[in-house]
Amino acid sequence: MKYVDEFRDPALARQLLDRIASLMNSPALHTRAPIRIMEVCGGHTHSIFRYGLEALLPEGIELIHGPGCPVCVLPRERVDDCLAIAAEPGVIFTTFGDAMRVPGSEQSLQQARAAGADIHMVYSPLDALQIARENPDRRVVFFGLGFETTMPSTALTLQQAAREGVGNFFLLCHHITIVPTLQALLDDEDVRVDAFIGPGHVSMVIGLEPYDFIAREYGKPFIISGFEPLDILQSIQMLLEQLNSGQAEVENQYTRVVSRSGNPQAQQAVAEVFELRERFAWRGLGEIEHSGVRLKPAYAAFDAERVFALESRQADDPVDCHCGEVLKGQLQPQQCPLFGTYCTPSNPMGALMVSSEGACAACYQYKRTDVS
Amino acid sequence: MTPTITDQTRITMAHGAGGRAMRSLIESVFIEAFGSTELARMEDQARLDMARLAAQGDRLAFTTDSYVIDPLEFPGGNVGTLAVNGTLNDLAVGGARPLYLSCAFIIEEGLEVALLRRVVHAMRDAAQEAGVSIVTGDTKVVPHGKGDKLFINTSGIGVIPKGIEVAASRCQPGDRIIVSGTLGDHGAAILQARGDLALDAELRSDCRSLHGLIELMLDQCPEIRAMRDATRGGVAAILHEFAEASGCAVRLFEDQLPVKPEVRGVCEILGLDALHFANEGKLVAVVPAAQADGLVARMQQHPAGLDACIIGEILDGPGGRVQVRTLMGGERLLDLPVGEMLPRIC
């Protein structure tokens with residue numbers, strides 16, 4: 001298949017692995033091992049497990065599965081907000097599929113749907129807008145979830161709704177932004193990361209410039225990477241080349257998709273519709289400044305947070321839940337005492353066990369015990 | 001006077017009430033299509049000749065399945081095609097020759113008779129093609145909103161010839177795993193037919209009966225250890241059943257899996273795996289290694305086995321484990337999906 005098979009070529013993978021092995025044998029890296037590389041994005045985590053890449057890498061490279069999976073960092077209380085809105089009379093609640101199984105404090109959206117709530121899975125916010133057009137006597141709420149990857153499509157949908165004057169369409173906005181969270185991780189003294197595999201799809205929208213400070217101020221190599229196995233191996237190679245030569249730069253491996261300045265139209269749509277929140281809660285990481293967006297006052301009529309009276313409440317994770325430490329790379333998924341016993345994909349306690357991009361779910365699904 | 005049934009008629013509660021309307025429906029739709037002498041006798045049960053059964057083998061195979069699908073009609077078939085072929089295949093993968101089917105319809109009030117006829121005609125054609133008779137049936141009508149248009153249950157009886165012994169528990173280390181063709185065609189076609197994806201791809205369900213292919217396979221290789229049709233849960237679910245029943249492990253070779261480009265496209269876009277997609281005309285068989293290549297070559301001569309190939313092997317253990325050698329040469333587990341397959345955000 002075009003644009004897919006080229007990036008899964010085992011012979012090329014072997015060449016990259018040979019180069020990675022020889023870099024790891026260089027004096028600079030050999031003495032420095034283990035080299036701790038964080039893949040920021042859940043899509044990378046999934047590919048790494050899906051293709052068994054960890055086992056192919058030489059010793060001395062440790063992959064840390066970072067916070068770039070929007071489902072994994074979705075707090076329980078936010079799921080409770082979704083459930084409260086879905087329970088309102090006359091509401092049709094719409095969401096991406098991934099969010100269906102995330103546990104709230106008592107239920108998930110999937111369980112609420114089984115109990116009678118009118119919850120629809122959609123593939124795009126435009127599908128939700130269409131449902132609103134077709135059901136003028138119902139209030140249709142779209143749960144906008146995700147990083148800058150999904151933000152532009154939500155922004156464009158709201159602009160469309162505003163142009164058409166669709167009065168029964170609302171957004172529950174849970175769009176989040178990755179850069180402040182990376183900074184929070186870099187400032188956390190418990191987190192030790194030598195280099196980053198940077199998000200591909202987010203960067204397609206925002207470009208390379210927002211990451212410059214990571215290389216400049218923190219001295220960490222940062223490679224924007226695609227999601228195929230060769231992309232990831234090449235990104236690891238590029239990181240090691242930088243570390244080996246003592247450099248720290250933002251480089252773009254994913255040139256077939258990402259440009260230096262990103263996508264200006266998408267940035268413009270986002271800037272017209274959204275504004276930064278003072279702070280926003282991430283599951284496992286707590287509140288992080290300027291890490292989420294909300295609708296601008298001009299779009300207040302579409303804002304589900306204003307239209308539906310949501311109680312502010314705190315829903316703590318179960319006491320033994322170690323999602324935060326796994327997100328920061330302090331624990332490997334299997335080192336969590338709940339992993340595979342009290343916390344499984346069928347009965348997730350923590351959000352990392354829910355989405356197939358979550359480090360724990362990927363680990364459980366593909367690597368429960370080491371496959372020899 | 002008996003109410004006339006036309007294509008424009010919509011099913012009402014009267015068509016399930018036991019009176020003239022019901023009789024008219026049975027005669028003008030079901031008996032008109034199926035027309036077996038057993039059915040036309042309209043007794044409360046079919047009466048089957050034991051001597052005919054005994055002449056063909058030493059064990060009866062008996063199976064049942066219910067068919068609920070949305071949409072009822074899709075490229076490559078409809079719920080009726082599924083209801084006949086699915087039950088036939090469940091008999092055939094046990095080594096049985098399918099002979100008789102029952103069928104029971106639960107119809108939601110309001111269904112168009114034209115649609116019901118298309119379904120019933122598809123069942124007739126599938127049964128005729130397979131050489132089996134539909135010998136007994138039942139019709140119920142439920143009020144509007146109490147069922148989803150049409151549910152069908154079929155049960156089937158077949159005979160297993162002497163000496164044929166196909167069971168999941170018989171898989172042995174070293175055996176090879178064969179699949180009869182491309183993976184996931186039905187699942188992908190249904191996803192597309194639901195219309196949520198707005199994809200423009202040539203996807204067709206692979207719905208078909210497999211017993212002709214299976215007869216040829218057993219003829220060539222009576223030592224086939226295990227065989228299942230890879231329906232709901234896909235090939236992944238079948239391999240888990242084999243691994244658990246035999247106490248062996250299973251290894252698949254990712255680079256050997258046959259998947260059509262258009263099905264791969266759907267999987268790539270949604271982040272799903274064709275190994276988990278339903279098939280309605282594909283089987284997975286485990287055979288002794290020495291016979292595998294010859295059997296595959298023979299299968300490829302049959303229309304239902306054109307793309308047959310070896311996709312994996314049975315390992316010593318640990319029992320119940322299913323793993324994949326990835327394209328890159330790494331190894332990973334192949335787990336069962338937790339529940340509904342959910343597409344990924346990004």
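Helices (H or I, at least four residues) and strands (E, at least two) are DSSP runs, numbered from the N terminus. The structure is a predicted model, in which local features need pLDDT of at least 70 and side-chain atom pairs count only at pLDDT 80 or more, while totals for chains, interfaces and linings use all residues. Residues are numbered from 1 along each chain as its sequence is written, and chains are lettered from A and ligands numbered from 1 in the order in which they are written.

The annotation "domain: PurM-like C-terminal" covers residues 172–324 of chain B. This span is 35% helix and 18% strand, and its end C-alpha atoms lie 18 Å apart. The annotation "domain: PurM-like N-terminal" covers residues 53–160 of chain B. Here the chain is 31% helix and 43% strand, with 10 Å between the end C-alpha atoms. UniProt positions are given in the numbering used here, feature names are shortened, and annotations may be inferred rather than shown by experiment.

A residue is called buried if 20 or more other C-beta atoms lie within 10 Å of its own, exposed if 12 or fewer, and partly exposed in between, with C-beta atoms placed from the backbone. A nonpolar core is a set of buried Ala, Val, Leu, Ile, Met, Phe, Trp, Tyr and Cys residues joined through C-beta atoms within 7 Å. The largest such core has 116 residues, and Ile37(A) and Val141(A) have the most contacts inside it. Helix α12 (residues 229–244) of chain A gives the largest share of this core, 8 residues. Another core, of 106 residues, lies apart from it and includes Leu150(B), Ala193(B), Ala292(B) and Met299(B). Two residues are in contact if their C-beta atoms, placed from the backbone, lie within 7 Å. When residues up to four places away in sequence are not counted, Ile37(A) touches Ile61(A), Leu63(A), Ile64(A), Asp194(A), Ala195(A), Ile197(A), Ile236(A) and Leu239(A).

Helix α1 (residues 10–24) of chain A has 15 residues and reaches 21 Å from its first C-alpha to its last, close to the 21 Å expected at 1.5 Å a residue. The expected span is 1.5 Å times one less than the number of residues. Ala13(A), Ile20(A), Leu23(A) and Met24(A) are the buried residues of α1(A). Seen down the helix axis, these buried residues fall within an arc of 95°, so they line one face of α1(A); the arc is that of the directions from the helix axis to the C-beta atoms. The face turned away from the buried side carries the exposed residues Ala11(A), Asp18(A) and Ser22(A). The cover over the buried residues of α1(A) includes α2 (27–30), β2 (61–68) and α12 of chain A. Helix α3 (residues 42–50) of chain A is mostly covered, with 9 of its 9 residues buried. Gly52(A), whose phi is positive, near 60°, follows α3(A).

Several loops contain backbone features of note. The peptide bond from Ala33(A) to Pro34(A) is cis, with omega near 5°, and Pro34(A) lies in the loop between α2 and β1 (35–41) of chain A. In chain B, a cis peptide bond joins Asp70(B) and Pro71(B), with omega about 0°; Pro71(B) is in the loop between β1 (59–67) and β2 (73–74). His290(A), a residue other than glycine, has a positive phi near 55°. His290(A) is placed in the loop between β12 (286–289) and β13 (293–295) of chain A, and counts as partly exposed because it has 15 C-beta neighbours inside 10 Å. Lys149(B), also a residue other than glycine, has a positive phi near 65°. Lys149(B) lies in the loop between β5 (133–142) and β6 (150–160) of chain B, and counts as buried because it has 20 C-beta neighbours inside 10 Å.

The contact between the chains takes 21 residues from chain B and 35 residues from chain A. On the side of chain B, the elements giving two or more residues are α9 (261–270) and β13 (331–333). By class, this side has 10 nonpolar, 4 polar and 7 charged residues. Ala, Val, Leu, Ile, Met, Phe, Trp, Tyr, Cys and Pro count as nonpolar, Asp, Glu, Lys and Arg as charged, and the others, Gly among them, as polar.
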